[in-house]
Amino acid sequence: SFCGKSTILIASALKSHNGGKLYAIDWHQGCPSMPGFGTKDFKSTYDEYARNLRQFGVANNVVTIKKKSEDAAGDVPEEIHFLWIDGLHTFDGVKADFNNFGTKLAERGFLLFHDACWTEWQGPFRLIKNEVLSSKNYNLYAMIGNTMIFRKEKNTMGAVAKNVLCAFCEFVSGNGRPWHKKVVSFILFRLTTHRTSLFHDWNK
């Protein structure tokens, strides 16, 4: 949730389609990468988050769970149809979110990982490679920007396609990337996003 940007976008889509409730999980005390984290000067993001939800008219479409994600699984229904993972970006953090909430995902439900590709972050894609791409139960649905979207259905990705995807994602990731990796990352970001935007069949 943080300050509510992705929460507002998803909740707005639900609202416009008379959809269900969005369960937004965040303890609103920040993370180690945020300036001032762990000091007395750090301010909770909750008030700004709540204000933004009211401003965009989606407060009634969101169930806010003010907890760390590892403590919130019991507050989420046993069956969900959409899972957006964008918490702590370490491998262990992403794995915990996937393990705690992935089992709740309904058949043909959507599983999304933010900062999973064409980025310096390595944790999300490492989890995807180990747990999702290798699973027979998740199929790559689309790639938009830094987000990878899977659907809970039979995995139809072949070994060659998987190996190529892994090679490119792992090549461009990592802290302190040299300029040529950033250029390749930017090109792949644009190519996959435009391809998805122009040719993806969103009705399948």
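Q: How much space lies in the second largest pocket of this predicted model?
A: The second largest pocket holds about 480 Å³ of space.

Q: What makes a residue part of the lining of the second largest pocket, and which residues lie nearest its centre?
A: A lining residue has an atom within 4 Å of a pocket point. By that test 20 residues line the second largest pocket, and Leu140, Tyr141, Ala142, Met143 and Arg195 lie nearest its centre. Strand 5, helix 5 (159-172) and helix 6 (179-199) are the elements that give two or more residues to this lining.

Q: How do the residues of this lining divide into nonpolar, polar and charged?
A: Twelve are nonpolar, four are polar and four are charged.

Q: Why is Thr147 called buried?
A: Buried means under 20% relative accessible area. Thr147 has a relative accessible area of 9%, so Thr147 counts as buried. Thr147 has its place in strand 6 (residues 147-152).

Q: Which residues does Thr147 touch, not counting those up to four places away in sequence?
A: Contact means heavy atoms within 4.5 Å. On that basis Thr147 touches Trp84, Leu112, Phe113, His114, Cys117 and Ala142.

Q: How do you know that strand 3 and strand 4 pair?
A: Two strands pair if there are at least two bridges between them. Five bridges join strand 3 to strand 4 (residues 105-113), so the two strands pair, and they run parallel. In strand 4, Leu105 is the bridge partner of Ile80.

Q: What makes strand 3 and strand 5 edge strands?
A: In the open sheet of four strands, the order is 3-4-6-5, with mixed pairing. Strand 3 (80-85) and strand 5 (138-144) each pair on one side only.

Terms used. Residues numbered from 1 in each chain as written. Predicted model: local features only at pLDDT ≥ 70, side-chain atom pairs only at ≥ 80, totals over all residues. Heavy atoms only, no water. Buried < 20%, exposed > 50% of the residue type's maximum accessible area, 1.4 Å probe, protein only. 1 Å grid on protein atoms, 1.4 Å probe; cavity = no way out; pocket = protein on both sides within 12 Å on 5 of 7 lines; lining within 4 Å. Points joined across faces, edges and corners; volume = space filled by probe spheres on them. Nonpolar A, V, L, I, M, F, W, Y, C, P; charged D, E, K, R; others polar.
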